[in-house]
Amino acid sequence: MQPNDLIKVSVIALTTAFALPAAAQDQTLLVDPEDLNYQLPADATDYEKAAYGVLQKYCSDCHQEGVLGDGLTKPKAGFGHVLDMRRLANDPKFVSVGDPANSKLYQVITGGAPAMPDNCWDPSCVPTEAELEQLQAWIVALGDTAPEPRTYVSLADIYAMAHTDLQAQPTNRRDRIRYISMRPMWNDPDVTDENYQGYLAATVKLLNALSWNANVYKFEKVDPHGVLLRVFLPDLDWTHETWGYLESQYPYAMESDTDPYLGSLQHLSGSMTPVIRADWFTATASVSPLYYDMLGLPDTVQGLEAKLGFSMSRNILNEQVVRAGFQDSGVSSHNRLIERHPLGTGFFWTSYDFAGSKGRQSFFEYPLGPVDAYGPDLAFEHDGGESIFTLPNGFHAYYLNTADGARLDVGPTSIVRDTDYPDGTGEVVNGISCISCHSKGMRFNDDSVREVALNNLSLPASARQTIDAIYPGKDVINEYFKRDSDAFLNTLASAGIEPTIKAAGLEPVRGLFVYHVDYFIDFNQAANELGLTAEQLRSRMAFAGHDMAGLLTRLDVSPIARDEWTAAYPVLLDKLTDYRPYKTEHVVTADLSYSVKQVVKDTDYAPVKKVKVVKPVEYKPGDPGYVPPADHKPGDPDYVPPAKDYVVQDDKYKPTGTDYVVKGDEPIKTHDDAKKYGGDYDPVQHSVAAQSHLTVYTNQTTYKVGDELQVFIEPRHDCRLTLISIDDDHDSCVLYPFPGLDDIVIPGGTQYVFPPKGALRTSEPGLETILAICNGGQAAIDKVTRDTSKVSCSVGHKAVSKDHYEGIVNETLVLDLNAGAKDAKKTDSGVDYRAVSKHNPDVTKAQISVVVREY
């Protein structure tokens, strides 16, 4: 296809603009200077040179770290590599190789909402048709230079490969051999060869990071390309129980009566899940609490010290530590003090993090601590900490904790932030956040405490002598940093991992995490994950039933978020393939959109109600609702745990046997609390892109002037809907609320069809974009009606210009611009999702762009 042909082709694309939640990203991004690459490559092609010029002219001011304009200190939406042409070409979030129409970068520039560049409302300051053709030509040329498509590998191929390999192993080893499959990434044409190698490295890196074996695990490829990796459990010091943690939560497990190898493979290995997908493994096992489970880490720092065989207090009192303190770590929101302990395997670095910077939260005034070592008169008072220590094989492990040593899965955002994951919620999630941040080992930072503290004559002489011993200064501390980082890089190399390798421009484990969690599932990827080609899936849709066929058809224009796909997967697998799902302990607790709910309803895979803690309730014999535990045993279909174990939402609600009850020592208010107390292993909760997804699609994929157009909106949570039409000139008007149509709250899990009456017709050729915004905030929910007369798309209305747009539309959306609410994890009305709006954490949005032809 020639580049200029694309302007004439009718395309419809669901996109989300670059405007992801800035509220969660209020710290300077952790950017390694070596990763700042915004110069045109010396060997750049003519296509790269032309595209670079367009991106530099229109995009770099907002989206290139190092050359930001307009007073910006960080790239908008965390996207800061628009001029890194080689990284951009390997980033499937923005570029679909050879396919401009499905490349987010091109979609947003040509029809984004808000229009890109978003500081421009005049057609003279947007790319010309000739410049767009240059951008198209570069993306098309990437396809021309791409390697030949990889040979497709089916599910049957993977099981045959694993079966053949297992039969070749010694019989006394077979029940301890498992396999990790790279099949989804290998079959995905959007995964470049470079990214595939990065994903392979990610898998091997995480396997080593979860190992207590002193030997490094290296690539054990069953086939030359590593589509299947062999894992001998003792090589990682894993037991059947360790693998069982993965098996119990694996949502893609299956069995078959027709596959000639799967049943035998399960029998020989002694496992119903002998093969697990690398993308799921990396995204899930790198996230606490499963991360802790896989490593067997205790619930307290004190327990961790015992496991590792050392005492922090003793080391501190005996001056066997080195410390450094600084105010801007890039992770901690306030002061951070770090401390190194010697360990038999290498080191144990820990931090003391603070929620403030004054009084006993200032280590300049109180450089000694903690209290249990130095007493209340001299000690600082910290609020939490993060630890990084060497495993026997030289890889690193991580731990988060409160001030009193209790283990944390997620660090409080008031103290620490993960600014390395722009599409995340800002939470430091133990495991994945630390692996990504410490991609090259320890991060260098100068000490700023020693000089100040030694000159503080208000401190006793003995205290200053201790400070002199344990705060050796920046030269010494940086030597420790270098020594420990060099050791880690050497360890990576010993595992066959190039220390500088990346996946989609990210640290490899983070890259594969993002691939699994953030990338939405379109029709082709749905076929791939079901073990089918796209052609096979289309041929079977007619026999799938109305609801399933409707969902699959929708995937052509409206990809599905990972948590929804995981919910629908077993039902689709059973109906469309020769495999059937194998039921594990994995449960779906996500709120689903209407079309997904229709597929899973009345099945064993329908979502269950999650009962959240408000207060504990104990029933005694004779009380209403009491069930003697002896009458119902675990495993019985109608099993109900003893009533005294229940925690309920209110006094009137009595949990049922199908509820997913999360229990703990204190109230569960957010999904993060549920992870802490309820053992919820879903990594998708940490992705803003997935959590804030709003489903929007149209009734057909192509239009001509005069055609009727219907828009389907499927929110996952109750909200008030606003639809905005944006034309080629970036002029806008409000489609809904609309005079004569009721302004209603759209219930979560339902489908709203616009217009509910009358017709929405295309009037002229060109690109039309409809932006759907759902506001779940209490102010919006409680609003009786909104006056859209000034901005409505009713007949004869003049489109809104820049001068009126922001104020009027914000009023229409009932946006709460209170900056103090930027860290809210829930809306006032109890909605538990994050937002894509940089203004309001209650708001989700998506857009549909339609090219209308004259014929």
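Biologist: Which helices and which strand each supply at least two residues of the lining of the largest cavity?

Modeller: A cavity is a set of points on a 1 Å grid over the protein atoms alone where a 1.4 Å probe fits but cannot get out, and lining residues have an atom within 4 Å of a point. Helices (H or I, at least four residues) and strands (E, at least two) are DSSP runs, numbered from the N terminus. Here, helix H6 (155-167), helix H7 (183-187), helix H10 (262-269) and strand E5 (275-277) each supply at least two lining residues. This is a predicted model: local features require pLDDT of at least 70 and side-chain atom pairs pLDDT 80 or more, while totals for chains, interfaces and linings use all residues. Residues are numbered from 1 along each chain as its sequence is written, and side-chain values use heavy atoms, with hydrogens and water left out.

Biologist: What volume does the largest cavity have, and which residues lie nearest its centre?

Modeller: A volume is the space filled by probe spheres set on the points, which are joined across faces, edges and corners. For the largest cavity this comes to about 190 Å³. Its lining consists of 20 residues, and Tyr159, Tyr250, Tyr252, Met254 and Val275 are those nearest the centre. In total, the structure holds nine cavities of 30 Å³ or more.

Biologist: How many residues are in the largest nonpolar core, and which touch the most other members?

Modeller: In soluble globular proteins, nonpolar side chains tend to be buried together. A nonpolar core is a set of buried Ala, Val, Leu, Ile, Met, Phe, Trp, Tyr and Cys residues joined through side-chain atoms within 4.5 Å; buried means under 20% relative accessible area, exposed over 50%, and partly exposed in between (1.4 Å probe, protein chains only). The largest core contains 133 residues, of which Tyr199, Trp238, Leu246, Phe281 and Leu572 touch the most other members. Helix H8 (residues 193-209) contributes the largest share, nine residues. A second, separate core has 25 residues, including Leu709, Cys719, Ile746 and Leu760.

Biologist: With which residues is Leu572 in contact?

Modeller: Contact means heavy atoms within 4.5 Å. Setting aside neighbours within four places in sequence, Leu572 is in contact with Leu530, Met548, Leu551, Leu552, Trp565, Thr577 and Val599. Phe281, another residue of the largest core, is one of the buried residues of H11. In helix H11 (residues 278-285), eight of eight residues are buried.

Biologist: Which cysteines does a disulfide join?

Modeller: A disulfide is a covalent bond between the sulfur atoms of two cysteines. The criterion is a pair of cysteine sulfur atoms within 2.5 Å, and the count by this rule is one. Cys719 is joined to Cys774, with an S to S distance of 2.3 Å. Since Cys719 lies in strand E22 (residues 719-726) and Cys774 in strand E26 (residues 766-775), the pair ties together parts that are 55 residues apart in sequence. Cys719 is buried at 1% relative accessibility, and Cys774 is buried with a relative accessible area of 1%.

Biologist: In what sense do E22 and E26 pair, and over how many bridges?

Modeller: Strands of a sheet pair through backbone hydrogen bonds, either parallel or antiparallel. Two strands pair if DSSP finds at least two bridges between them. E22 and E26 are antiparallel over seven bridges, with Ile724 opposite Leu771 in E26. E26 also pairs with strand E27 (residues 843-853) in the antiparallel sense, over ten bridges; there, Val843 in E27 is the bridge partner of Asn775. Nine of the ten residues of E26 are buried.

Biologist: What order has the open sheet of six strands?

Modeller: The order is E6-E7-E8-E9-E10-E11, with antiparallel pairing. Strand E6 (322-326) and strand E11 (407-408) stand at the edges with a single partner strand each, so one side of each is left without a neighbour in the sheet. Within this sheet, eight bridges join strand E7 (residues 336-343) to strand E8 (residues 346-353), and Arg336 stands opposite Asp353 in E8.

Notes. On a 1 Å grid over the protein atoms alone, a cavity is a set of points where a 1.4 Å probe fits but cannot get out, and a pocket is an open set with protein on both sides within 12 Å along at least five of seven lines; lining residues have an atom within 4 Å of a point.
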